[in-house]
Amino acid sequence: MKKLFKGLAVATVLSVSAGAALNAHADTAALDKILEQVKQDRISSGKINKQREQEFLSARADKQALLKKAQRELAAEEARGDRLKKQYAQNEATLASKEAELETAKGTLGEMFGVVRRAASETIGSIEASLVSAEKPGREEVLRSLAAAKELPTTRELEELWIGLQTEMTESAKVSSFETTVAQLDGSEVNAKVTRIGNFNLISDQGYLIYHPETKQIQPLGRQPDGYVLSSAEALRATPAGSYTGFYTDITRGSILRLNTQKATHEERFHQGGTVGYLIAVLLVIGFIIAIIRLADLTLTTGKIRSQLKNLNTPNENNPLGRILKVYQDNKSEDVENLELKLDEAILRETPRIEAGVNIIKIFAAIAPLMGLLGTVVGMIETFQQITLFGTGDPKIMAGSISMALVTTALGLIAALPLILVHAIVASRSKSVLHILDEQSAGIIAAHAEKEKA
């Protein structure tokens, strides 16, 4: 057994030694290959590094040449800068010398230059806004160049300034007509004949016109003045040359006319009264309708009564007196007291019909100013509410409510005054009819009493 184990051990050692020898041979071959590769890489890297070194040395020589060139250019520019500084200093000295010579040569002309520029600047604004420019445009261009000039004006430019001032003064005293384009309120443009009254107003067949210097356009007023003012403009346009006529002139060159467009008309003031104002107007209209109907009826009744007075023996029932006479005819046999009662009853029966509507007119006349007072109170309440919400910084916010307060008061008084007058007329007419009835009734009773005594 021991011999067997020894034999196995020897075999195992021999097999291991043989494998190790094979592995060592393979590793030696790989290392040789790696060594050869390292040697080749070293040769390649050396070549590359040598090439890079040559390129660096070449570039260094170029950079050195560029540096020297830049240094030469810098020196040249510095020398040029020094020359320019010296030349600039010489020029400044020359300019100062020339300016001194110019001031000495100008003498008093310098003051004239300032006066001319100031006069031209002041004249530009007046000429641009002048109505004469609507007829003769472009006059301010020469003055504008004169006002911006830096040198002394020439004789021609001084003459232009003189002509511009003289033209403005001369044309301001003339009334002339010319054809031009008028911009309408809807944006369209039409050619029209415009009459210029000095430097104050422009008029045409459309009424008064306004000239806008900013846009150099002529435009009709948004709202023309009252009729009597427009009639004077029409009369002026129709007046032949050399004749005279009256004309309403706005000496503010249209400012008052523009303010006139903002003034409320009677219709606008009426609408400012609001609901209360409308109710007052309704009362006035209804009161007038009732008054007209009653006056027509009383006039017709009075005419019939007068016809009946001419024929008392033949009563006609189409009028109050005829019906009263009919009562007398039917009760001739009655005594005086009964007859008087019958006639009084007949007169009382006719009275409501004759006095119908009179009290309604009187009530309307009393209600109208009270409704005006109501509108005043409502307007003041709204005014204080607006003050609470928005303060008193902008009076226009409160203007509507204050207008309502004042307009309703005025409307109430305007409605009450004619209603009182109409009520007096209608009441007087009805009383005259009742007076005739009472008079005739008393006469009938007196005649009947005399017959009874006889």
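Reply: Happy to! A search of the whole structure finds one cavity of 30 Å³ or more. On a 1 Å grid over the protein atoms alone, a cavity is a set of points where a 1.4 Å probe fits but cannot get out, whereas a pocket is an open set with protein on both sides within 12 Å along at least five of seven lines; lining residues have an atom within 4 Å of a point. Grid points are joined across faces, edges and corners, and a volume is the space filled by probe spheres set on the points.

Before we go in, please keep in mind that this is a predicted model, in which local features need pLDDT of at least 70 and side-chain atom pairs count only at pLDDT 80 or more, while totals for chains, interfaces and linings use all residues. Residues are numbered from 1 along each chain as its sequence is written, and side-chain values use heavy atoms, with hydrogens and water left out.

The largest cavity has a volume of about 40 Å³. Its lining is made up of Leu131, Phe200, Asn201, Leu202, Leu209, Ile210, Tyr211, Arg253, Gly254 and Leu257. Two elements give two or more residues to this lining, β3 (201-204) and β4 (207-212), and β4 gives the most, with three residues. Helices (H or I, at least four residues) and strands (E, at least two) are DSSP runs, numbered from the N terminus. By class, the cavity lining has seven nonpolar, two polar and one charged residues. Here Ala, Val, Leu, Ile, Met, Phe, Trp, Tyr, Cys and Pro count as nonpolar, Asp, Glu, Lys and Arg as charged, and the others, Gly among them, as polar.

Now for the open spaces. The largest pocket has a volume of about 390 Å³. It is lined by 16 residues, and the closest to its centre are Val175, Thr195, Leu236, Thr239 and Pro240. At least two lining residues come from each of β1 (175-183), β2 (189-197) and α6 (227-238). Seven nonpolar, seven polar and two charged residues make up this lining.

The two strands named here, β1 and β2, pair in the antiparallel sense over nine bridges; strands pair if DSSP finds at least two bridges between them. Ala183 has Glu189 of β2 as its bridge partner. Five residues lie between the strands of this hairpin, where Gly187 takes a positive phi near 100°.

The second largest pocket has a volume of about 210 Å³. Among its 13 lining residues, Pro225, Val229, Tyr248, Ile256 and Leu257 are the closest to its centre.
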